[in-house]
Structure formats: C-alpha cells, structure tokens
Amino acid sequence: MGDINSVGVIGAGQMGSGIAHVCALGGREVRLHDQNTERLKAAMDEIDKNLSRQAAKGTITEAEARAAFGRITPTANVAEAGQVDLVIEAATENEEIKKAIFQALTPHLKPSTLLASNTSSISITRLAAATDRPDRFIGLHFMNPAPVMKLVEIIRGIATAPATYETVKVFAESLGKITTDAEDYPAFIVNRILVPMINEAIYALYEGVGDVRSIDTSLKLGANHPMGPLELGDFMGLDVVLAIMNVLHDGMSDTKYRPCPLLVKYVEAGWLGRKTGRGFYDYSGPVPEPTR
C-alpha cells in the first residue's frame, strides 16, 4: 500500500474537527465533510482558533498554523470526501448511522482507499462488513481532544489485512501519536475501563454516597485524576457515555455494565454536559456549578 497523503474526515463535530486539525498539521490534505453546513463553518472556525492558540503558545509557528489551516477543505458533498487515500469516519456513536455513512461513501471511493472508524466502542468487524472492503477497514480511535491527546487505539477487525494495519500505524505515528493495539471487543481498552468508572461515579451520586463536588474532588485529589469522573462525563457528552455503556451491556451480557438510571434520565432530559450547557454541572455562568 502507498503512503497516506490525503484524508477525508466524515463528521465535523468535536472529534471530526480535531482529527482534521491533527491530520492537516501532519502535512496531509484534508477534506472535512458534514451534511450540516453550519456545523462545517463552526468546525473551521474552531480549528482556526485552536491552531492560533498553539501558535501563540509557541508549540507551532504561525506559518505552520496557516499552512495547516489551508490544507483543510470543508465540503458538504460526500463524493468529494471519498476521493482520498484514507477516510476516517467520526460521526455520532450509533452503529446504524455509521453503517449508513459507509454505504453512502462506497460508490465514491478510489479502489485503493482505506476506511477507518473513530468509534469508541462499536465492533470494527461489523462496521467493516457493511462496506465493500473489509480487508481495508480498521479502527482508529483518537482520544478527545485529538490535537492534545497523544494516544490512538488501533483496532483490527477479523478481516483487516496486515498491510492495512501497517499503513495506518505508520500514518498515526507520523502525526506524532503513540499507538496501542486493542482487540475487537466492546469499547476496546480505554473506554472498557474508563466509562464504567464514570458510570460507577454516577451510581455513587444516585445512591447518595456523595454529591457531585465531593465525588469529583475525591477522585482528583485521592487518585490524582486531572478531571473528576462526573466532570469528565460532561466533557465527553453524557449521550456518548450512555451509548458506550449500552454497547458494553449488550456485548458482554453482564449486569455490571448496566447504565445507571440517573445517567439515562439526564440523557432523556437533554442534559448532555458541556455541549448542551448542562449535565452534572451547569455551564451557564462563569464557573460551572453542580446540578446535584
């Protein structure tokens, strides 16, 4: 397989824009796709702001920031996003939506194009089976926020060819990332461990073991975590936390992965965390305040 010089990123949300940022800074031509043109514009504004912040801190030069931004082409046309060496899907954590995206992409791909999903929990084998190239399909799980976090989990499906794995591993490392290999089990490594911890913290809140501030302070100071688990859940998006817990619960058939009823209730209320302005904290004021 040849080098990866051009990348299509499907989904211009927080993860998609972060992946586009990283790939462009790594010298790749990027086509950032989303059907929502307003979201595309917001993503480009966010990338511009984050590149400028890196330049202001001195981690990159202003010239590097401007060159990276110039490598990103926003497009609402999925056909344009498919004519690249690698497509990375970064849509919402919903298996049917992801499969529909790959099926829509298929007619527009080059024969040599590799496909990757940034899914944080869903079976790579099942997603690959919905495409015309399961041997060229792989999981590339960037951490959030992608421009800051060093890790990329690489997950091979049962049909992933060795050459696909080697090509994307070299690609990820060329972006300055450290890679780990995870087997194709529900939630892989990071979220298999991290998200049940967040769910358990929500249970502790639900059962009255402690309030929001006490739980987060205890884990920050008692376990040296940079964020408390409830704060982290808000940062990830409580809908994402719930989706991953459901994948774990369904895939492992183990009651220890049962989503906390309070988590379900918050998601049903639309209290998804930072992105909606309210979750376990209220973000409407200058300082986040606990909601319980």
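H33 is buried, its relative accessible area being 6%, where buried stands for under 20% relative accessible area with a 1.4 Å probe and protein chains only. The model is a predicted one, in which local features need pLDDT of at least 70 and side-chain atom pairs count only at pLDDT 80 or more, while totals for chains, interfaces and linings use all residues. Residues are numbered from 1 along each chain as its sequence is written, and side-chain values use heavy atoms, with hydrogens and water left out.

H33 belongs to strand 2, residues 29-33, strands being DSSP runs of E with at least two residues and helices runs of H or I with at least four, numbered from the N terminus.

| Residue | Contacts |
|---|---|
| H33 | V9, I10, G11, A12, L40, T75, A76, N77, V78, A81 |
| L140 | L86, I88, A116, S117, N118, V152, E153, I154, V168, F171 |

L140 is also among the members that touch the most others in the largest nonpolar core, which has 37 residues; such a core is a set of buried Ala, Val, Leu, Ile, Met, Phe, Trp, Tyr and Cys residues joined through side-chain atoms within 4.5 Å. Apart from this core lies another, of 27 residues, including L205 and L248.

Helix 1 (14-25) and helix 2 (37-57) each supply at least two residues of the lining of the second largest pocket, and helix 2 gives the most, with 9 residues.

Notes: Buried < 20%, exposed > 50% of the residue type's maximum accessible area, 1.4 Å probe, protein only. Contact = heavy atoms within 4.5 Å. Lists of a residue's contacts leave out its neighbours within four places in sequence.
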